[in-house]
Amino acid sequence: WTVPAKPNGRIDFYVVYFQRVGEKQARSVNSVTVNGSKTSLELRGLQPYSQYKIDVIAVNINLKNQTLESPREEPYRTNRTFEDAPSEPLLLSADMVKNRETLLSVTWKKPAYPNGRIRKYEIVYYSPSNVARNESVDGT
C-alpha cells in the first residue's frame, strides 16, 4: 500500500484487516498492526486457493493520546491465495468386477479440501511381480 495523500500528521501505525470470503462471522475478521514506517506485510497461515478481502487503515495518535483512524475503504481489495496439494480422495474402494478375474473397479469421492482445481487423479497399482503401474484419470 502507499502512504495516504493527506496523512494529517505522522502515521503511527497501520492496521491490516483480512477476512476469508464467505466467512460472515465478525470473529473471522483478522487484523495485524504494522509500524507506521512500513507499507507492506506478508500475511501467513492463510487457506490455500481461498479468496480474501483485505483493507488497510492508517492510524495517528494525537497530542491528547486519542487514536485517529483513516476511513476504511469500500469496496475491499480482494485476492486469491495460490493452489496447494489436495487432501486425500475420500471413500476409496477397489472391487473385483464379476466374471472378470483380471479387472478391478476403483472408485473414490473428491477430496474434502481440493485446495484448487483437480486436474487429474493418479492411480498407482502393483502387478503380481511387484512392478508399479500408473493410470491417470481426468479430474473434471
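Analyst: Happy to. Let's start where arginine 80 lies over the face of tyrosine 49, at 4.6 Å from the ring centre. A charge is counted as sitting over a ring when NZ of Lys or CZ of Arg is within 6 Å of the ring centre and within 35 degrees of the ring normal.

This is a predicted model, so local features need pLDDT of at least 70 and side-chain atom pairs count only at pLDDT 80 or more, while totals for chains, interfaces and linings use all residues. Residues are numbered from 1 along each chain as its sequence is written, and side-chain values use heavy atoms, with hydrogens and water left out.

Arginine 80 also has a link to glutamine 51: a polar contact of 3.4 Å joins their side chains. Such a contact is a pair of N or O atoms within 3.5 Å; within protein, one must be able to donate a hydrogen and the other to accept it, and residues adjacent in sequence count only if both atoms are side-chain atoms.

Glutamine 51 belongs to strand S3 (residues 51–61); strands (E, at least two residues) and helices (H or I, at least four) are DSSP runs numbered from the N terminus. Glutamine 51 is partly exposed, at 25% relative accessible area, where buried means under 20%, exposed over 50% and partly exposed in between (1.4 Å probe, protein chains only). Beyond its neighbours within four places in sequence, glutamine 51 is in contact with Gln19, Arg20, Val21, Thr78, Asn79 and Arg80, contact meaning heavy atoms within 4.5 Å. Arginine 20 is 31 residues from glutamine 51 along the chain, yet their C-alpha atoms are separated by 5.9 Å.

Now to serine 50, in the loop between strand S2 (30–35) and S3. Serine 50 counts as buried, with 5% relative accessibility. A polar atom of the serine 50 side chain lies 3.1 Å from the backbone oxygen of proline 48, and one lies 3.5 Å from the backbone oxygen of glutamine 47. Setting aside residues up to four places away in sequence, serine 50 touches Arg20, Asn79, Arg80 and Thr81. Arg20, Asn79 and Arg80 are also among the contacts of glutamine 51.

Stepping back, the protein has zero helices and nine strands. Its radius of gyration is 25 Å, well over the 14 Å that the globule rule gives for 140 residues, so the protein is more spread out than a compact globule. That radius is taken over C-alpha atoms, and the rule is 2.2 Å times the number of residues to the power 0.38. Along the principal axes, the C-alpha atoms fill a box of roughly 85 × 30 × 20 Å. Buried residues make up 19% of the 140 residues. Among contacts between residues at least 6 apart in sequence, 45% join residues at least 24 apart.

Finally, the largest nonpolar core has five residues: Ile11, Tyr14, Val16, Val34 and Ala58. A core here is a set of buried Ala, Val, Leu, Ile, Met, Phe, Trp, Tyr and Cys residues joined through side-chain atoms within 4.5 Å. Valine 16, one of the five, touches residues including Trp1, Leu41, Ile54 and Val56, not counting those up to four places away in sequence.
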